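Let's walk through a structure together, one question at a time. Keep the picture open while you read.

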Amino acid sequence: MFDNLSDKLDKAFHILKGHGKITDVNVADTLKEVRRALLDADVNFKIAKDFTTRVRDKAIGENVLTTLQPGQLMVKIVKDELTELMGGDAAGINLSGTPTVILMSGLQGSGKTTFSGKLANYLKTKKNKKPLLVACDIYRPAAINQLHVVGGQIGVEVYSEEGNRNPVEIAQNAIKHAKANGFNVVIVDTAGRLAVDEEMMNEIANVHKAIEPQETLFVVDAMTGQDAVNTAKAFNDRLDFDGVILTKLDGDTRGGAAITIKSVVNKPIKFVGTGEKMEAIDVFYPARMAERILGMGDVVSLVERAQEQYDEEEARKLQKKIAKNEFGFDDFLSQIQQVKKMGNMKDLVGMIPGAGKALKDVEIEDDAFKHIEAIIHSMTPAERSKPAVLDAKRKTRIAKGSGTSIQQVNQLLKQFDQMSKMMKMMQGGAGKNLMRMMGGMKGMKP
Ligand SMILES: Nc1nc2c(ncn2[C@@H]2O[C@H](COP(=O)(O)OP(=O)(O)OP(=O)(O)O)[C@@H](O)[C@H]2O)c(=O)[nH]1
């Protein structure tokens, strides 16, 4: 994500390396490069210029007051300014109202329907809500079907009315249905258009007036850069909405939309979409995004994702198995599933400080576990629980069955063996020592 921008900013900060302090000259050289990096990221000229002016004033002003190196100071100021530019604090979603009504709008193909599903799934699994999805696209039966498919995937009911050509009526009936059946959130997916036109605005405005939503969200595709920003602005000029949803951030290498939408449209980005799966949704935190842009990773989000997938009961069972030396390939497989649920690999690696930059030229496949899973699936249940029985003949069979080589099978067995030994160690003395050490660290000042 935003690799080019991160790289170029890093090079800009390098200009200050070796300088004892910030001067008018070295700050001007650095900021010229920062501005160029922002323009290349598809940030509009005025915003980039104002941004660097603010950074320069701060850098000159703070220069004398700090013990930071010029490079470090510049990174800190740019990080703070980027955070501000993207909205400062995270903007939460308003879940008041019984039921809460959320109106989704956006251009065709922006990812509106996919996002409606993701939001329903998020509210159901993370906020304990009972959402109802409503299909209000009266023009394309395929869009209604798509919402039904999405609803089926996440176990959320979808309300639609075959033959009804009045979106206002459908939305109103859906809310009645929600009230009568105990749904506490109603997410209304409306028809997309090719551009923000009269017809679209009239339709949305009518639905909006009739159902008085707590949240009206406008969905834009991050990959369309300044077009996304302009569309959001055109829409906002007609209907005062509450927040932007930025989808397809996983495919956005430049970052212009994420950086500028807030200052152009004056509406916060509330969520981002980072993949096609229903779990690929994140609350938008400007500070964390700024850190990622500056190659500092995003440990907080990484830990949060791990916590979301952490199942205490499962962990306890696993611990028992390790202690009894019963950890087998089936357990290994379920661990892989847990990691996969945390998101796509490239995204996860990007959250580790420094790793995104170090591995930027390494191709990280999303199905990085494909071979491992195929090998394990080719084992019999007995082999999975007692890998020691795997002789040459069995290994040949497994390699054939999984479409891999004997070397790959051997490699996995070796890794599994090392991992089992390490886990056993962690359970014993070494693990206790580590725990003690970590306990001690808690009291340490940062
Ligand atoms: N990579 C990626 N793809 C996404 C994301 N969100 C949606 N998509 C894909 O984008 C395409 C369009 O998404 P839809 O949800 O159908 O778009 P829509 O805005 O509802 O479009 P209409 O139904 O035509 O109005 C689909 O192939 C989605 O799988 C995302 O965050 N990342």
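Q: Which residues does Ser378 touch, not counting residues up to four places away in sequence?

A: A contact here means heavy atoms within 4.5 Å. By that rule, Ser378 touches Glu383, Arg397, Ile398, Gly401 and Ser402, leaving out residues up to four places away in sequence. Ser378 itself lies in the loop between α17 (370–377) and α18 (381–385). Helices (H or I, at least four residues) and strands (E, at least two) are DSSP runs, numbered from the N terminus.

Q: Where did this model come from, and how should I read the numbers?

A: It's a predicted model: local features need pLDDT of at least 70, side-chain atom pairs count only at pLDDT 80 or more, and totals for chains, interfaces and linings use all residues. Residues are numbered from 1 along each chain as its sequence is written, and side-chain values use heavy atoms, with hydrogens and water left out.

Q: What pLDDT does the protein chain average?

A: pLDDT is the predictor's confidence in each residue, from 0 to 100. The protein chain averages 84, and 88% of the residues score at least 70. Residues 429–446 are a stretch to treat with care: pLDDT stays under 50 there, and the model has 5 contacts for them beyond four places in sequence. For the complex, the predictor gives an ipTM of 0.96 and a pTM of 0.73.

Q: Is Ser378 buried or exposed?

A: Buried means under 20% relative accessible area, exposed over 50%, and partly exposed in between (1.4 Å probe, protein chains only). Ser378 has a relative accessible area of 18%, so it counts as buried. Try the rule on Gly97, in the loop between α4 (70–85) and β1 (100–106): at 36% relative accessibility, Gly97 counts as partly exposed. Across the protein chain, buried residues make up 45% of the 446 residues.

Q: What does the side chain of Ser378 reach?

A: Look for a polar contact, a pair of N or O atoms within 3.5 Å; within protein, one must be able to donate a hydrogen and the other to accept it, and residues adjacent in sequence count only if both atoms are side-chain atoms. The side chain of Ser378 reaches the backbone nitrogen of Ser402 at 3.4 Å.

Q: How many helices and strands does the protein chain have?

A: There are 21 helices and 8 strands in the protein chain. Take α10 (residues 256–265): 7 of its 10 residues are buried, and the helix is mostly covered. The buried ones are Gly256, Ala257, Ala258, Ile259, Thr260, Ile261 and Val265.

Q: How far apart are Gly256 and Asp42, in sequence and in space?

A: Sequence distance and spatial distance are separate things to check. Gly256 and Asp42 are 214 residues apart in sequence, but 4.5 Å apart in space, C-alpha to C-alpha. Gly256 also touches Ala41, Val43 and Gln226, among residues beyond four places away in sequence. At 2% relative accessibility, Gly256 counts as buried. For the chain overall, among contacts between residues at least 6 apart in sequence, 73% join residues at least 24 apart.

Q: Which residues come nearest to the ligand?

A: A residue is near a molecule if one of its heavy atoms lies within 4 Å of it. Of the 18 residues around the ligand, Thr113, Thr114, Arg140, Asp250 and Glu276 come nearest. Helix α5 (residues 112–126) gives the largest share of this shell, 4 residues.

Q: What does the side chain of Thr113 make a polar contact with?

A: Its partner is the side chain of Asp189, at 2.9 Å. Thr113 is found in helix α5 and, at 8% relative accessibility, counts as buried. Leaving aside neighbours within four places in sequence, Thr113 is in contact with Gln146, Leu147 and Asp189.
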